[in-house]
Amino acid sequence: MRQERVQHSLLGKSLHWFFVLLFGYGVFKQIENKEQLDDFGLLISEMFFAVAFLLFIMFRFIYMKRRYKTALPSETLKIQLIAAKFVHSSMYFVLTGIAISGLGIGTLYWLDYTDGLLIETIIWVHELLFSTILWLISIHILAAIYHRTQHDFVWSSMVPFFKEKVK
Ligand code: HEM
Ligand code: HEM
């Protein structure tokens with residue numbers, strides 16, 4: 001396989017890794033049960049976080065749509081290119097859904113609809129989307145590790161450690 005070396009831009013890499021931290025923080029401070037939202041300060045801070053998260057994803061998506069060129073080598077099978085694009089696009093879609101469903105829960109809580117089918121359904125969707133993103137991120141990381149074993153420089157295009165040595 002020809003070894004092209006596409007490097008993502010500094011901004012592209014920064015957005016990618018800053019988002020990993022932001023997502024990690026979102027998971028770390030997750031709501032354990034909806035009654036916690038009785039604390040109005042927590043409710044507001046969750047809503048702010050979800051809006052910031054959403055704006056960040058939108059900015060990143062627009063930037064990547066304009067500037068992103070995959071580091072996958074040009075010989076890559078079409079099916080593999082489609083799979084990579086599918087996983088990347090799905091990640092944006094599902095992460096957006098997590099933020100929007102979170103905002104939905106928060107708004108209902110704020111309006112005092114704290115119980116009932118509507119809020120329980122949105123919480124169910126929120127949790128389902130979270131399980132889905134864990135699967136997508138796992139596939140994404142496994143794919144990155146697979147590329148590292150192939151020495152095709154896809155890993156090094158984004159990841160700042162265990163880089164391939166240039167021969
Ligand atoms: C984008 C930001 C958000 C992230 C990353 C996030 C993340 C999570 C995670 C990881 C869980 C646990 C899922 C599970 O165990 O299956 C969760 C559950 C939940 N989140 Fe969020 N969330 C976000 C925004 C919000 C917002 C804005 C609200 C409401 C103000 C909210 C309310 C809830 C509730 C009520 C649950 C269910 C708790 C339960 O088990 O009863 N989330 N969220
Ligand atoms: C929260 C976790 C992560 C998310 C949501 C995520 C998401 C993405 C997305 C959407 C892309 C496509 C480019 C873009 O739009 O920025 C991408 C590229 C990439 N990611 Fe991640 N990523 C995560 C974690 C990781 C980790 C932990 C690794 C490696 C250990 C990794 C390795 C890569 C590589 C190598 C690329 C470039 C692929 C290419 O050039 O085609 N990512 N990531």
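Visitor: By class, how many nonpolar residues does the shell around ligand 1 have?

Guide: This is a predicted model, and in it the residues around ligand 1 number 23, with Gly 26, Gln 30, Ala 50, Gly 102 and Gly 106 coming nearest. Sorted by class, the shell has three charged residues and six polar ones, while its nonpolar residues number 14.

Visitor: Which helices each supply at least two residues of the shell around ligand 1?

Guide: The protein has five helices and zero strands, and along the sequence these follow the pattern α-α-α-α-α. Those that each supply at least two residues of the shell are H1 (10–28), H2 (40–67), H3 (78–110) and H4 (117–150).

Visitor: Which residues form the largest nonpolar core?

Guide: In soluble globular proteins, nonpolar side chains tend to be buried together. Here the largest nonpolar core has eight residues, and they are Ala 50, Phe 53, Ile 57, Leu 95, Ile 98, Ala 99, Leu 129 and Ile 133. At least two residues of this core come from each of three helices, namely H2, H3 and H4.

Visitor: With which residues is Leu 95 in contact, leaving aside its neighbours within four places in sequence?

Guide: Leu 95 belongs to the largest nonpolar core, and a contact here requires C-beta atoms that lie within 7 Å. Once the neighbours within four places in sequence are set aside, the contacts of Leu 95 are Ile 57 and Ile 133.

Visitor: What percentage of the 167 residues in the protein is buried?

Guide: The C-alpha trace of the protein spans about 60 × 30 × 25 Å along its principal axes. Of the 167 residues in the protein, the buried ones make up 13%.

Note on methods
Residues are numbered from 1 along each chain as its sequence is written. Chains are lettered from A and ligands numbered from 1 in the order in which they are written. This is a predicted model: local features need pLDDT of at least 70, side-chain atom pairs count only at pLDDT 80 or more; totals for chains, interfaces and linings use all residues. A residue is near a molecule or strand if its C-beta atom, placed from the backbone, lies within 6 Å of it. Helices (H or I, at least four residues) and strands (E, at least two) are DSSP runs, numbered from the N terminus. Ala, Val, Leu, Ile, Met, Phe, Trp, Tyr, Cys and Pro count as nonpolar, Asp, Glu, Lys and Arg as charged, and the others, Gly among them, as polar. A residue is buried if 20 or more other C-beta atoms lie within 10 Å of its own, exposed if 12 or fewer, and partly exposed in between; C-beta atoms are placed from the backbone. A nonpolar core is a set of buried Ala, Val, Leu, Ile, Met, Phe, Trp, Tyr and Cys residues joined through C-beta atoms within 7 Å. Two residues are in contact if their C-beta atoms, placed from the backbone, lie within 7 Å.
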